[in-house]
Amino acid sequence: MIPSPEDQTKLEHFVHRALRELPDYPAPTSLEQRVQAALARSAAQPWWRRGFAHWPLAARAAFIPLAGGLVALVVHLTGWMTAGLNIEARETLAQPISWLESVLTVASAIGNFFEIILRSIPPLWLYGGLAFCAAMYAALFGLGAAAYRTYQAQR
């Protein structure tokens, strides 16, 4: 039996009214105490243990150039440390990366192959294929919606 829209509306109003008349369920006192304790612990933390937005303005203003300077120092020290290496040591360090160059060369060749294939297909065929895929997607979506509606009507 399928209920009528009026019956569904009456049921919705009845359930809504019944739920509104229920009293509020208070939170357990232990939960309230735990939340208050967590808030107090958070407020008691020093400024440097809090998030960056809670730092004093002077500390935030000093941190940004300091962090940038440290990054520049690390980059400079890395270049200085590797400048003293001889040619053999550099080649030894570069060997583990040589396989990556081979993989990138193969991937580039495969990409070039597919680019050549794609350029040899007429644009009209590409647009036609794209339109066909869009039509099939719309048909699938429509059939799915029709099947769902039929399924829901049988309930």
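Analyst: Helices are DSSP runs of H or I with at least four residues, and strands are runs of E with at least two. By that rule, the chain of this predicted model has five helices and zero strands.

User: What pattern does the chain follow along the sequence?

Analyst: The pattern is α-α-α-α-α.

User: Why is the chain called more spread out than a compact globule?

Analyst: The globule rule gives 15 Å for 155 residues, whereas the radius of gyration of the chain is 34 Å; this is well over the rule, so the chain counts as more spread out than a compact globule. The C-alpha trace spans about 85 × 70 × 30 Å along its principal axes.

User: Why does Trp-80 count as exposed?

Analyst: The cut-off for exposed is over 50% relative accessible area. Trp-80 has 61% relative accessibility, and therefore counts as exposed. Trp-80 lies in helix H3, which covers residues 57-83.

User: Which residues make the nonpolar surface patch that includes Trp-80?

Analyst: Together with Trp-80, the patch is made by Leu-66, Leu-70, Leu-73, Leu-77 and Met-81, and its area is about 670 Å².

User: How many charged side chains does the chain have, and how far apart are the centres of the two sets?

Analyst: There are 12 positive and 10 negative side chains, with the centres of the two sets 8 Å apart.

Terms used:
Residues are numbered from 1 along each chain as its sequence is written. This is a predicted model: local features need pLDDT of at least 70, side-chain atom pairs count only at pLDDT 80 or more; totals for chains, interfaces and linings use all residues. Side-chain values use heavy atoms; hydrogens and water are left out. Patches are made of residues with over 30% relative accessible area and no salt bridge: like charges are joined within 9 Å, nonpolar side chains (Val, Leu, Ile, Met, Phe, Trp, Tyr) within 5 Å. Accessible areas come from the Shrake-Rupley method with a 1.4 Å probe; for residues, only the protein chains shown count as cover. A salt bridge is a side-chain nitrogen of Lys or Arg within 4 Å of a carboxyl oxygen of Asp or Glu. Buried means under 20% relative accessible area, exposed over 50%, partly exposed in between (1.4 Å probe, protein chains only). The radius of gyration is taken over C-alpha atoms; the globule rule is 2.2 Å times the number of residues to the power 0.38. Lys and Arg count as positive and Asp and Glu as negative; His and the chain ends are not counted. The place of a charge is taken as NZ of Lys, CZ of Arg, CG of Asp or CD of Glu.
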